[in-house]
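Hello,

Please find the structure below, ready for you to take over. My notes on what turned up follow it.

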Amino acid sequence: MQTAIQIAGLCVIGAVLAQLVRRQKPELALCLAMAACAAALGLAAGALEPVVAFFRRLQNLAGVEEALFAPLLKTLAIGVLTQISSAFCRDAGEQALSRIAELSGTALALYAALPLAQAVLETAEQLMGG
């Protein structure tokens, strides 16, 4: 809870400072916003360690191979990075870049999930006797 409050405060202060600076130096406002986001992600990174440990434990209990579990984590990471980069592009007024970031993220997420889809297809083929 404390980390969430710290991140919220950091984001609000970063947004207010960026708005104050935006009128005279729009490029500095974007850099300020990026710095605030990087700091917030740094704070949130500590919370991800127990989540990853949980997924590893779940993987071990389920007996799922690393090769099948890795695409899930990669797809999640691609989704988060895509949202962040798209938001920065929108904030910078670059709508086309924002859309390309989203489209590229979608394509990359599908590519990252391909080994998982192939494993599902192979399992289905085995179950059907083919």
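Three helices, α1 (2-22), α2 and α3, each supply at least two residues of the lining of the second largest pocket. Helices here are DSSP runs of H or I with at least four residues, numbered from the N terminus. A pocket is an open set of points on a 1 Å grid over the protein atoms alone, where a 1.4 Å probe fits and protein lies on both sides within 12 Å along at least five of seven lines; lining residues have an atom within 4 Å of a point.

Before the rest, please note that this is a predicted model: local features need pLDDT of at least 70, side-chain atom pairs need pLDDT 80 or more, and totals for chains, interfaces and linings use all residues. Residues are numbered from 1 along each chain as its sequence is written, and side-chain values use heavy atoms, with hydrogens and water left out.

The second largest pocket

This pocket holds about 280 Å³ of space, a volume being the space filled by probe spheres set on grid points joined across faces, edges and corners. It is lined by 15 residues, and A33, A36, C37, F88 and D91 are the closest to its centre. Which helix gives the most to this lining? It is α1, with six residues.

The largest pocket

The largest pocket has a volume of about 340 Å³. Its lining has 13 residues. Nearest the centre are L48, L73, L76, A77 and V80. Two helices, α2 (26-62) and α3 (66-91), each supply at least two lining residues. Helix α2 gives the most, with seven.

A nonpolar patch

On the surface, V12, I13, V16, L17 and L20 form a nonpolar patch. Together they have about 470 Å² of accessible area, by the Shrake-Rupley method with a 1.4 Å probe, with only the protein chains shown as cover. Patch residues have over 30% relative accessible area and no salt bridge; nonpolar side chains (Val, Leu, Ile, Met, Phe, Trp, Tyr) are joined within 5 Å, like charges within 9 Å. V12 lies in helix α1. V12 counts as exposed because its relative accessible area is 52%; exposed means over 50%, buried under 20%, and partly exposed in between.

F69 lies in helix α3. F69 is buried, since its relative accessible area is 7%. F69 and G42 are 27 residues apart in sequence. From C-alpha to C-alpha, F69 and G42 are 25 Å apart in space. A101 sits in helix α4 (residues 95-127). With a relative accessible area of 18%, A101 is buried. A101 and Q19 are 82 residues apart in sequence and 24 Å apart in space, C-alpha to C-alpha.

Salt bridges

Side chains of opposite charge can pair when their charged atoms come close. The rule used here puts a side-chain nitrogen of Lys or Arg within 4 Å of a carboxyl oxygen of Asp or Glu. How many salt bridges does the rule give? The count is two.

One joins the side chains of E102 and R90, at 3.2 Å from N to O. This pair links distant parts of the chain: E102 is in helix α4 and R90 in helix α3, twelve residues apart. E102 is partly exposed at 29% relative accessibility. R90 is also partly exposed, at 37%.

R99 forms a salt bridge with E102 too, with 4.0 Å between the closest N and O atoms. R99 and E102 both lie in helix α4, three residues apart, or about one turn of the helix. R99 counts as exposed because its relative accessibility is 57%. Shared partners join R90, R99 and E102 into one network.

Best wishes

Notes
Buried means under 20% relative accessible area, exposed over 50%, partly exposed in between (1.4 Å probe, protein chains only).
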